[in-house]
Amino acid sequence: MNPTWSGAQQEAERLCESGDPQAATAAIAGCEAVVAELRSRQTPLSAEEVGELAALIALGSTGVSTLIAAQPKDASAQRATQRALFRLRTATAVLASQLAAAL
Amino acid sequence: MKPVVSSTVSTLPLLELPASSTTEVAKRSGLLSDDPLQRSLFEVANGPRKASYGTDTLVAKAMVTSAALSLQGVIRDVEHWAQDRGSASFNKLIRGLEHANKEMQELTASRDVQIERWSLTEVGINVHQGHLFHELSELQARFGELLEAVGRSPLEQFARSDFTEQGNEAKRLFTQLSKLLTESQSLESHVLWHARPEGEGPSPIETIFPATALGKSSLEDRRLTDAYRKHLDAENLLASGNYPEAIGALFESATIVARMYHQPTNCGHALIYLADALVLTGLDKQPIEHVTSVGLDAGELYHAAAMFVRSATVPDDQELRRLVAYVHAQLHDLGRHELATQTTREALSPGYVQGPDSGLLLGLR
């Protein structure tokens, strides 16, 4: 698998398994890197890539779920989590739009 | 599921059609043009058409509520399928997703017409926290729940296994789910910025773009309307994850406002909005060299914003204190503790003397 994609999946898995909002930064960066790659891509996705992309969207959704459940009490951490949610949800939705176009 | 919209619409005198689409309603009422903004400006100039306006509001609210109910159904379907993984529950999930997608597409198609027109007519920009705000916030919450349900489901394993084997079921599921996620993001773009909790800070968009100025004919008000269009572009770009272009559009919008030196409060709020966008997108350490001749990062933009607003008011002004408290918290979040202290001290100091041109503070181009 493409290293950008596998890196994104690993970071998203780490976020989902740890449940730690601080792990969101790397997961978001990974998903956004995949978004950037897909935007500049000229060739259609293979069947295997479509599956991997779907898996990444599912992981992104789980990551969003993790962040929603985190509910930090500290106001500053709350804002940080909100920001992470915004970016992860956006990245997941953009990945979804890429997948919808490919299917 | 019975769509809520039908029963609501049937009581409305102006509608003779089953208004499953607000676009249809707008066409029937003669208000829909190819360019919603131009149409809105026309309406501002010629007076609001209250009956049609009110009708559209009710229809749109009903549509949003109906979509939220459909999403609740989809969430239940996802959970059922996650539990039994049976073909019956799978097919029910697909049908639920298809139905929700149909509703969402209609809603999205109507959104531009609705929001843009309402934004610039009699209600002004307050539409963001008025007519549809609560309904759209509810819908946003349902999407959050849907994502949670998807996250809890075995969708990831399903994607990996099924796409590499037959692919048909996974393809059906992800086709619908991807469409739904895409539509939701499009709708959310008009909500997420205005969901700041009560008391957390100013509601900048209403301050930056006063409804009374939009669509008016004076040069300054035309500039403000231009800035507002840029601002809407920026929000859509943010929602699509295109951050560099979004920041560029926000910069252009903020710059137009900032050049209106006699309205330093608008300028301050515009700068806060830009700084918020930088923070939200993780670009807070990147100096925005286009904005000023010196290049300011998000922290410095917050500082400049507070000083702009201070230049227009007195230290014990309630709005200034609320804004400074917000800026102070944001600066601490960014780890800019010294700047937070400095900003609060300067902005709330009785001894602060405004310079001859507050624009010079920023070296605005």
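**Figure 1. Chain B of the predicted model, a chain of helices.** Of the 365 residues of chain B, 55% count as buried. The structure shown is a predicted model. Chain B holds 16 helices and 0 strands. Its accessible surface amounts to about 15,600 Å², and 51% of that surface belongs to carbon and sulfur atoms. When contacts in chain B between residues at least 6 apart in sequence are considered, 73% join residues at least 24 apart.

**Figure 2. The interface of chain B and chain A.** The size of an interface is often given as the accessible area lost when the parts come together. Here chain B and chain A bury about 2,900 Å² between them, with 62% of this area on carbon and sulfur atoms. The contact involves 36 residues of chain B and 32 residues of chain A. Across this interface there are 5 residue pairs in polar contact, both residues of each pair being at pLDDT 80 or more. On the side of chain B that touches chain A, at least two residues each are supplied by helix H6 (133–152), helix H7 (155–164), helix H8 (168–188), helix H10 (219–239), helix H12 (264–280) and helix H14 (318–333) of chain B. The largest share, 9 residues, comes from H8(B). By residue class, the side of chain B that touches chain A comprises 15 nonpolar, 13 polar and 8 charged residues.

**Figure 3. Salt bridges between chain A and chain B.** Side chains of opposite charge can pair when their charged atoms come close. The interface of chain B and chain A contains 2 salt bridges. A network of salt bridges links A:Arg79, A:Arg83 and B:Asp333.

**Figure 4. Salt bridges within the chains.** Over all chains, the whole structure has 12 salt bridges. One of the pairs lies in chain A, where A:Glu49 and A:Arg41 form a salt bridge with their closest N and O atoms 2.9 Å apart. A:Glu49 is partly exposed, at 21% relative accessibility, and A:Arg41 is partly exposed as well, at 27%. In chain B, a salt bridge joins B:Arg142 to B:Glu145, with the closest N and O atoms 2.9 Å apart. These two residues are separated by about one helical turn because they stand 3 residues apart in helix H6 of chain B. B:Arg142 counts as buried, at 12% relative accessibility, whereas B:Glu145 is partly exposed, at 30%. A further pair in chain B consists of B:Asp284 and B:Lys285, whose side chains meet in a salt bridge with an N to O distance of 3.3 Å. Here B:Asp284 has a relative accessibility of 14% and is therefore buried, while B:Lys285 has a relative accessibility of 67% and is therefore exposed.

**Figure 5. A positive phi at B:Arg85.** Most residues other than glycine have a negative phi. B:Arg85 is not glycine, yet its phi is positive, near 55 degrees. The residue is placed in the loop between helix H4 (50–84) and helix H5 (87–120) of chain B. With a relative accessible area of 43%, B:Arg85 is partly exposed.

**Figure 6. Surroundings of A:Val35 in chain A.** A:Val35 belongs to helix H2 (residues 24–39) of chain A. Its relative accessible area is 6%, so A:Val35 is buried. Neighbours within four places in sequence aside, A:Val35 is in contact with A:Ala91, A:Val94 and A:Leu95. For A:Val35 and A:Arg14, the separation is 21 residues in sequence and 19 Å in space, taken from C-alpha to C-alpha.

Figure 7. B:Asn266 is located in helix H12 of chain B. At 8% relative accessibility, this residue is buried, since the limit for burial is under 20%. Apart from neighbours within four places in sequence, the contacts of B:Asn266 are with B:Thr207, B:Ile208, B:Pro210 and B:Val257.

Key:
Residues are numbered from 1 along each chain as its sequence is written. Chains are lettered from A and ligands numbered from 1 in the order in which they are written. This is a predicted model: local features need pLDDT of at least 70, side-chain atom pairs count only at pLDDT 80 or more; totals for chains, interfaces and linings use all residues. Side-chain values use heavy atoms; hydrogens and water are left out. Contact means heavy atoms within 4.5 Å. Buried area is the accessible area (1.4 Å probe) that two parts lose on being put together, summed over both. A salt bridge is a side-chain nitrogen of Lys or Arg within 4 Å of a carboxyl oxygen of Asp or Glu. A polar contact is a pair of N or O atoms within 3.5 Å; within protein, one must be able to donate a hydrogen and the other to accept it, and residues adjacent in sequence count only if both atoms are side-chain atoms. Helices (H or I, at least four residues) and strands (E, at least two) are DSSP runs, numbered from the N terminus. Ala, Val, Leu, Ile, Met, Phe, Trp, Tyr, Cys and Pro count as nonpolar, Asp, Glu, Lys and Arg as charged, and the others, Gly among them, as polar. Buried means under 20% relative accessible area, exposed over 50%, partly exposed in between (1.4 Å probe, protein chains only). Accessible areas come from the Shrake-Rupley method with a 1.4 Å probe; for residues, only the protein chains shown count as cover.
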